[in-house]
Amino acid sequence: MGWGSDPEGDVMVSIHRLLAVLLVSLPLLATSPARADDAPDPFIGLASQNFDIVANAISALAVSGHPQAAATIAAIEADNLYVDAAGDGAPLILIKQGDSYIDARTGQKASDINEDDVDSVRVNNAVRRAIEAAKGGLDLFAADADTRQKAAEKVFTSHDPAALPLLARAIAAEKDAGAKRAMQQAQAASLLAGDGGSDAERVAAVAILRLRGDVEAKSLLQSLHDQSKPVAAAIAAATSSLARIEQLWSVLQSVFYGISLGSVLLLAAAGLAITFGVMGVINMAHGEMVMLGAYTTFMVQEVIRTHAPGLFGASLFIAVPLAFLVSGIAGILIERCMIRFLYGRPLETLLASWGLSLILQQGVRSIFGSSNREVGTPEWMSGAVQWGGLVITWNRLTIIVFAVIVIAALMAVMRGTSLGLRMRAVTQNRRMAAAMGIRTPWIDALTFGLGSGVAGMAGVALSQIDNVSPNLGQGYIIDSFMVVVFGGVGNLWGTVVSAMTLGIVNKFLEPFAGAVLGKIVVLIALILFIQRKPRGMFPLKGRAVEQ
Amino acid sequence: MSRLSTSICIGLVLVGVGLMAILNLSTAAGAPLHVPTYAISLVGKYLSYAILALAVDLVWGYGGILSLGHAAFFALGGYAMGMYLLREIGPRGVYGNALLPDFMVFLNYKALPWYWNGFNHPAFAMAMAVIVPALVALIFGYFAFRSRVSGVYLSIITQALTYALLLAFFRNDMGFGGNNGMTDFKDIFGLPLQADSTRVGLLVATAIALCLCLLVARYVVTSRFGQVLIAVRDSESRTRFLGYRPESYKLFVFVLSAIMAGIGGALYVPQVGIINPGEFSPANSIEAVIWVAVGGRGTLVGAVLGAVLVNAGKTFFTGAFPEFWLFALGFLFILVTLLLPKGVLGLLQKKTGGRV
């Protein structure tokens, strides 16, 4: 936008006008109200019938430092400003308050006002823009540091050289570090946008923008042409460095998405890493354990909605242990009633558990219906935080943290508890374990229950990012198996590495290949990988493997 | 004994289909013994599935390879047939484009993708219905068996294979009709697809193809080759130590089986009138495995029996109690694996003292 163009342009133009006035009246700002009497009366223009004059007057008023400036501008905005031109001297500017009037210049109550002499100050779009801009200029000196910082950001975006003196004054008075930085950045941008300043000052300004390092800074730097040699060199260096930084951020963003997808995969596969990885049971109903967890979340939220709406924020914390119990008990039942008759017959286990998954899906469909169920996201999980060039959504971050906790807990159980010790003993050498007095059937049931319970907890997390429908689990079963096989069966760390690798690779392929093709490429790569290393990235070593 | 059951099976299929054909064509609609045309297509569908089941039994029952991706070969054969049928429509499509099928016009294709060339010739398309699945099986099997991926790992990667194909065929850019697949076929070999005589012809062709596949499969498994294959299934390492190359045996039977599945798919598509990426879904492949398990694994005839029985049950349930079909199928999976490891045929053999 070229400045000095059509005055009816937009807010930016009004800001320019404001700043132009500022240049003239700047010395006033530092002075006490007492000396304001010497200056031309900024209120006089408000009485004009000409909108342009009114707009200019508003801009002048904003920078006059007049103690009544803010109140007056607010009054115009609220259509409460009136003019009484009946007297001999300068017209009275009045702020209507209820039935009475206040003199805008003094803030004192105005008496003897004849209602017939009073006209309201009319407003058109140009005046409204002047009001907006005036408020922005006032904001640089606002009491609240946040408001000042935002105002500085606005000046940064407009980067008008006319703002420089004002900024210099604001910076001198500024105490808050964040607001000061924003003002300095605005100052640098404004300096570079104009022709002023020595080469050294301009190079320093480039350095400040480079430090700011965001897209706006980069596009501002890229828009600068015809600079003197040292400045041009600094700009070239800064833009290329900013381009690198931008690339870095986008890589980081992909990594974040990848880790986020990886933790979803990890959660879905963690239970399978126990039932398939440790026990060697091909449980095709694993996805349905996840689904049960998601439906448990739905049930918990339903109960909370009807009975204790205040607890909604805590619904997921209640759902996690419940989902673990529901899926865990389902898992123990499945193991006792079906799987235990099929040990040593992996292909039959696969078929029977597939049948079970069909029954569970249809069962849930019969009870809850086949449409998606609404699972709400608690307040604390919604929204996003911007960190540098990264956008991090709270629900994704929560799932990553949750995955870390689940895996840590699972490892603690496997390594630190007596149950974990027994589990490992039974899977490594069943007969020896039995000879040592371990009740292997119970350990089998509990191990299977543990794996299923973890799947249920995954369901709570997945209910936040996926549709809760009877088919929820189906979408994850092949991915889960891939994760476990890729990582190396029986190796929890391998599962973690594999889930993260697959997640990140997937997210890096997406920009080039698209989501679906990226997934196909990953699947084919996995098929090829299994040919090379049938036992995964981190195969278990030792005799236990050969069974 | 298995020779007897094969003969009985072939006899039943041919006589049954022959009777249906005669009753459909020679009696008028509404006559007491009339077989309606929808029944003809339905049985044709069952028999196409039976060919797929036979293919699965060949690799699973005799090679010990539990493929959870066999429906992929079936669907590939089906797609080859679908491509031919679409080209056969010619300028009679909705958009009236003589060269491009409707979905391509709809998706703004400017020219026919190169891999669609030749599919206007029925012989080429039929060859492709066999060659494409065979090639996929050859490449996949070569790598898988060479690196000795076996057991559940093989099952999982076959499932990944069909899943990858499912995702791929869902893409519009693949040029296979994307989500909607291919449908609205009009003619096959110049004969109108909706005519009763064409339907009966397709059923008879399917029955003959099934019988031929059954004979080929029987010949393979009873030959010397088949004996080694069974040895591989029962103890791969021992067979290897005896000097055989298990991977070659597995690869051969895997490719042969893929060819059969492709034939089944090619016969399936004109009878049901549609092919879409859903045919690649892993669930379909697993269902095919359960047909074999129900009929009796490693019996060939059992696979045919199982496919027909389960699918007839499916038709009945989805018509009468749609809610309960998945329950029924699920319990079938569990009960057969837990209680009937040899399937219905095994049960029959027990009852008849092994004569059938």
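Strands β6 (residues 384-387) and β7 (residues 390-393) of chain A run antiparallel and are joined by four bridges.

A word on the bookkeeping: residues are numbered from 1 along each chain as its sequence is written, while chains are lettered from A and ligands numbered from 1 in the order in which they are written. The model is predicted, with local features needing pLDDT of at least 70 and side-chain atom pairs counting only at pLDDT 80 or more, whereas totals for chains, interfaces and linings use all residues.

On confidence (pLDDT is the predictor's own per-residue figure, from 0 to 100), chain B has a mean of 87, with 98% of its residues at 70 or more. Within chain B, helix α14 (residues 343-351) has the lowest mean, 80, and helix α10 (residues 246-272) the highest, 94. For the complex, the predictor gives an ipTM of 0.84 and a pTM of 0.74.

Chain A splits into domain 1 (1-139), domain 2 (143-226) and domain 3 (249-546), with bounds from an automatic or database domain assignment. Between the C-alpha centres of domains 2 and 3 of chain A there are 50 Å. Chain A also has an open, antiparallel sheet of five strands, in the order β4-β3-β2-β1-β5. Its edge strands, each pairing on one side only, are β4 (109-110) and β5 (118-120) of chain A. Three bridges link β5(A) to strand β1 (residues 81-84) of chain A, the two running antiparallel, and A:Val83 has A:Asp119 of β5(A) as its bridge partner.

Next, the cores. A nonpolar core is a set of buried Ala, Val, Leu, Ile, Met, Phe, Trp, Tyr and Cys residues joined through C-beta atoms within 7 Å; buried means 20 or more other C-beta atoms within 10 Å of a residue's own, exposed 12 or fewer, and partly exposed in between, with C-beta atoms placed from the backbone. The largest core has 207 residues, and those with the most contacts inside it include B:Ala50, B:Leu54 and B:Ala160. Helix α2 (residues 37-62) of chain B supplies the largest share of this core, 16 residues. A second, separate core has 31 residues, A:Val83 and A:Tyr101 among them.

Contact between two residues means C-beta atoms, placed from the backbone, within 7 Å. Neighbours within four places in sequence aside, B:Ala160 touches A:Ile478, A:Met482, A:Leu523, A:Leu526 and A:Ile527. Overall, the contact takes 33 residues from chain A and 37 from chain B. On the chain A side, two or more residues come from each of α13 (346-368), α18 (474-487) and α20 (515-532), and α13(A) gives the most, 14 residues.

B:Arg148 lies in the loop between α5 (122-146) and α6 (151-170) of chain B, and is partly exposed, with 16 other C-beta atoms within 10 Å. B:Asp184 is in the loop between β1 (182-183) and β2 (187-188) of chain B; with 15 C-beta neighbours inside 10 Å, B:Asp184 counts as partly exposed.

Key: Two strands pair if DSSP finds at least two bridges between them.
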